[in-house]
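I opened this notebook to record what I looked up in one structure. The entries follow the order in which I consulted it.

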Amino acid sequence: MTEPKSLLRLDNITKNFGAIEALRGISFEIKRGEVVALLGDNGAGKSTLVKIISGGLEQSGGKVIFEGEERNFSSPAEAKAAGIETVYQDLSLCTNVDVVANFFMGREIVKRFLGIPILQEAEMEAAVAKAMANAGTKIPSLRTNVEHLSGGQRQAIELNRFVHWGGKLVLLDEPFAALGVEQTRRGLEMIKRIAAQGIGVVIITHIMAQAFQVADRIVVIRQGKVAGNVLRTQTSPDEVVQMITGGAIHGEAIPADAQETQKSLQQH
Ligand SMILES: Nc1ncnc2c1ncn2[C@@H]1O[C@H](COP(=O)(O)OP(=O)(O)O)[C@@H](O)[C@H]1O
Ligand SMILES: [Mg+2]
């Protein structure tokens, strides 16, 4: 039995690419309103896992249980219809129209007057303003074409649109890779506010400080397996680095390659 607040449960997910075992039995759970940071070295299997959750790849074995039901999404569109989406920076926005138009793309509010369809611009703008305010996002004008907005603002639009249309679980794969310090800080704040509205968030990051700033729980993937699943308040960056590298915690010798990775992680 999954408890009522469970949003997504992964049960023994495996994925093979030919002879490569990318995922070797991944199980963990994401609750509504919870931010889970997914950490792990390059090649650990993080992106593969996120693609399986969001319908971009089919698992070789195991179950994806969403809102208590086993689901097998055969495309990202199918996952999106169920409320699961990977949000990329600006990939799905139309840059030559404004923020409101992007929010309502294909879902415009139209009323008929003497049989003639009329876009309800004021109503749509008010709805977008409300959605943006809920996430604490400030954009100079909702009538600005997206081409004039920054990467961080575009990401905010994508995320707020996702929430507005009933999104339930959002997946973010290295969302701040192209953003500066201040935009990243705002992005992390926005994620917390979105989670506070009951949305589940999975964020892949290789920057330990970001994970500790935003996550309720940290799940570490190492060589296709869960190497750690801990509450952020009950762990430390050092301990998470040990999980990522497989380095010893109690004074055992740490292999040379793991020492290298530990050094690079601590530089962030
Ligand atoms: N389409 C693919 N074909 C073959 N191997 C793949 C494919 N995608 C990922 N892999 C392999 O699966 C493993 C996990 O990759 P990935 O999920 O991208 O790791 P991460 O995102 O943690 O860096 C790696 O060994 C990678 O080379
Ligand atoms: Mg990856």
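**Entry 1: conventions.** I noted that this is a predicted model, in which local features need pLDDT of at least 70 and side-chain atom pairs count only at pLDDT 80 or more, while totals for chains, interfaces and linings use all residues. Residues are numbered from 1 along each chain as its sequence is written, chains are lettered from A and ligands numbered from 1 in the order in which they are written, and side-chain values use heavy atoms, with hydrogens and water left out.

**Entry 2: the whole protein.** I looked up the secondary structure and found 9 helices and 12 strands; helices (H or I, at least four residues) and strands (E, at least two) are DSSP runs, numbered from the N terminus. Of the 268 residues, 45% are buried. Here buried means under 20% relative accessible area, exposed over 50%, and partly exposed in between (1.4 Å probe, protein chains only). The protein exposes about 13,400 Å², of which carbon and sulfur atoms supply 50%; these areas come from the Shrake-Rupley method with a 1.4 Å probe, and for residues only the protein chains shown count as cover. Among contacts with a separation of 6 or more, 64% join residues 24 or more positions apart, contact being heavy atoms within 4.5 Å.

**Entry 3: helix 6.** I checked the length of helix 6 (residues 181–196): its 16 residues should span 22 Å at 1.5 Å a residue, and its end C-alpha atoms are 23 Å apart, which agrees. The expected span is 1.5 Å times one less than the number of residues. I then listed its buried residues, which are Thr184, Gly187, Leu188, Met190, Ile191, Ile194 and Ala195. Seen down the axis of helix 6, they fall within an arc of 160 degrees, so they line one face; the arc is that of the directions from the helix axis to the C-beta atoms. An α-helix has 3.6 residues a turn, so residues three or four places apart point the same way. Arg186 and Ala196 are exposed on the face turned away from the buried side. The cover over the buried residues includes strand 3 (35–39), helix 5 (151–164), strand 9 (169–173), strand 10 (200–204) and helix 7 (208–214). Just after helix 6, Gly198 has a positive phi of about 95 degrees.

**Entry 4: Thr184.** Within helix 6, I looked at Thr184, which has a relative accessible area of 10% and is therefore buried. Which residues does Thr184 contact, leaving aside its neighbours within four places in sequence? I found Phe176, Leu179 and Gln210.

**Entry 5: helix 5.** Helix 5, part of the cover of helix 6, has 14 residues and reaches 20 Å from its first C-alpha to its last, close to the 20 Å expected. I noted that 13 of its 14 residues are buried. Gly166 follows helix 5 with a positive phi near 85 degrees.

**Entry 6: Glu58.** I placed Glu58 in the loop between helix 1 (46–53) and strand 4 (61–66). Its relative accessibility is 59%, so Glu58 counts as exposed. Leaving aside neighbours within four places in sequence, Glu58 is in contact with Lys15 and Ile52.

**Entry 7: Glu239.** I found Glu239 in helix 8 (residues 237–245). At 29% relative accessibility, Glu239 counts as partly exposed.
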